[in-house]
Amino acid sequence: MNEDDRKPDFVDFDARLERLRASQPGSREKDAQSSGRANASSAHAGLHIGIELVAGVLFGVVVGYFLDGWLDTRPVFLILLLVLGMAAGSLNAYRYIQRLERERSTPEAKVADREED
Amino acid sequence: MAGPLEQFEVKPIMTMVFEPLGLNMSFTNSALFMAVGVGIAAWLFKRGLEGASLVPTRLQSICEMLYEFVRGMVLDNVGKEGLRYLPAIMTLFLFILLGNLIGMIPGTFTYTSHIVVTLFMGVCVIIAVTVIGLARHGTHFLSLFAPSGVPMFIYPLLIPIEIVSYLIRPFSLAMRLAVNMTAGHIMLKTFGGFVIAMGIFGILPFLVAVGLIGLEIIIACLQAYVFAVLSCIYLNDAINLH
């Protein structure tokens, strides 16, 4: 919780620690481990984006189909909501990628803190 | 051999049909395991916090870790204002987590693999978020659908897209959870079937299945976390309107 007032002093510390770790012989194992974790989180991100896109299309089709059945206007809402759903799904996927980028660009110290919690 | 999809079948344990309204309110295996999940959560917190002390017992530290984990999640994603809604997020997280984990025990029923259950939770979240947003910001909440800094002539196209993208949220929440649970369980069942069918070579799919169970337990926890985190993010949109 007091990470905010602690952080400025630690920026330099992190950089030095990183350099030290890179020069140590036993660091390769750690690297492999963290790259494995990065791979897993990339797979998760890919799945997330895929589901986001599919959910948009599915939402458009389901809601459009039933709205048409209810209002007796067969393909109008289906087409309209399908297009809107695709656009909205892409928008959600885009927002997710933006959030991911924001999280990746924050210092690693914060991510580590959160994982420990 | 049982097909890989049979495990998702909802079977009534106690048939109850309310004739006058034609309602089928049977107590099913899905309902049974929901009750088990809620029971475990209630028992854990009742027993764990009974004689709460400064040096926690094992059960108490489980409770404390769960609580602090969810609290940290709400603080990170929503801020201090969100703590008022911590009980709701906590309930959601525990219900999904226990549903996913109970499903990992052979012979049980995974209620979170049904889109009816997950979509209901997703719709509840989105309705709650909308009501909270409207109550806190009034009609100003609707500015969520009209981002600023956009040329006037784009609004007729942009506003419907924004509204639909808001309405999609429960769908993508529900699908993410249900698809992950369903896919994992089908995969486990298929490999389990191979173990028997391949005779002596069944050791190979058996090894794969052992690895898959580990992966499934990770996914079970991860999906509960993802559902709760996304609920927090949607809550954040409603509370901290930009």
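This is a predicted model: local features need pLDDT of at least 70, side-chain atom pairs count only at pLDDT 80 or more; totals for chains, interfaces and linings use all residues.
Figure 1. Chain A brings 23 residues to the contact and chain B brings 22 residues.

**Figure 2. Polar and charged pairs across the interface of chain A and chain B.** Two salt bridges are found here. In one salt bridge, the side chain of Glu52(A) meets that of Arg176(B), at 3.4 Å from N to O. Five residue pairs are in polar contact across the interface. Helix H2 (27–71) and helix H3 (74–105) of chain A each give two or more residues to the side that touches chain B. The residues of that side comprise 12 nonpolar, six polar and five charged.

**Figure 3. The largest nonpolar core, with 50 residues.** Val70(B), Met121(B) and Phe227(B) have the most contacts inside this core. Among the helices of chain B that each supply at least two of its residues are H1 (29–48), H4 (115–137) and H6 (203–239). H6(B) gives the most, with 13 residues. Beyond its neighbours within four places in sequence, Met121(B) touches Leu92(B), Phe95(B), Ile96(B), Leu177(B) and Phe227(B).

Figure 4. Gln60(B) is buried, because its relative accessible area is 2%, under the 20% cut-off. Leaving out neighbours within four places in sequence, its contacts are Gly48(B), Leu49(B), Gly51(B), Ala52(B), Ser53(B) and Val55(B).

Terms used:
Residues are numbered from 1 along each chain as its sequence is written. Chains are lettered from A and ligands numbered from 1 in the order in which they are written. Side-chain values use heavy atoms; hydrogens and water are left out. A nonpolar core is a set of buried Ala, Val, Leu, Ile, Met, Phe, Trp, Tyr and Cys residues joined through side-chain atoms within 4.5 Å. Buried means under 20% relative accessible area, exposed over 50%, partly exposed in between (1.4 Å probe, protein chains only). Helices (H or I, at least four residues) and strands (E, at least two) are DSSP runs, numbered from the N terminus. Contact means heavy atoms within 4.5 Å. A salt bridge is a side-chain nitrogen of Lys or Arg within 4 Å of a carboxyl oxygen of Asp or Glu. A polar contact is a pair of N or O atoms within 3.5 Å; within protein, one must be able to donate a hydrogen and the other to accept it, and residues adjacent in sequence count only if both atoms are side-chain atoms. Ala, Val, Leu, Ile, Met, Phe, Trp, Tyr, Cys and Pro count as nonpolar, Asp, Glu, Lys and Arg as charged, and the others, Gly among them, as polar.
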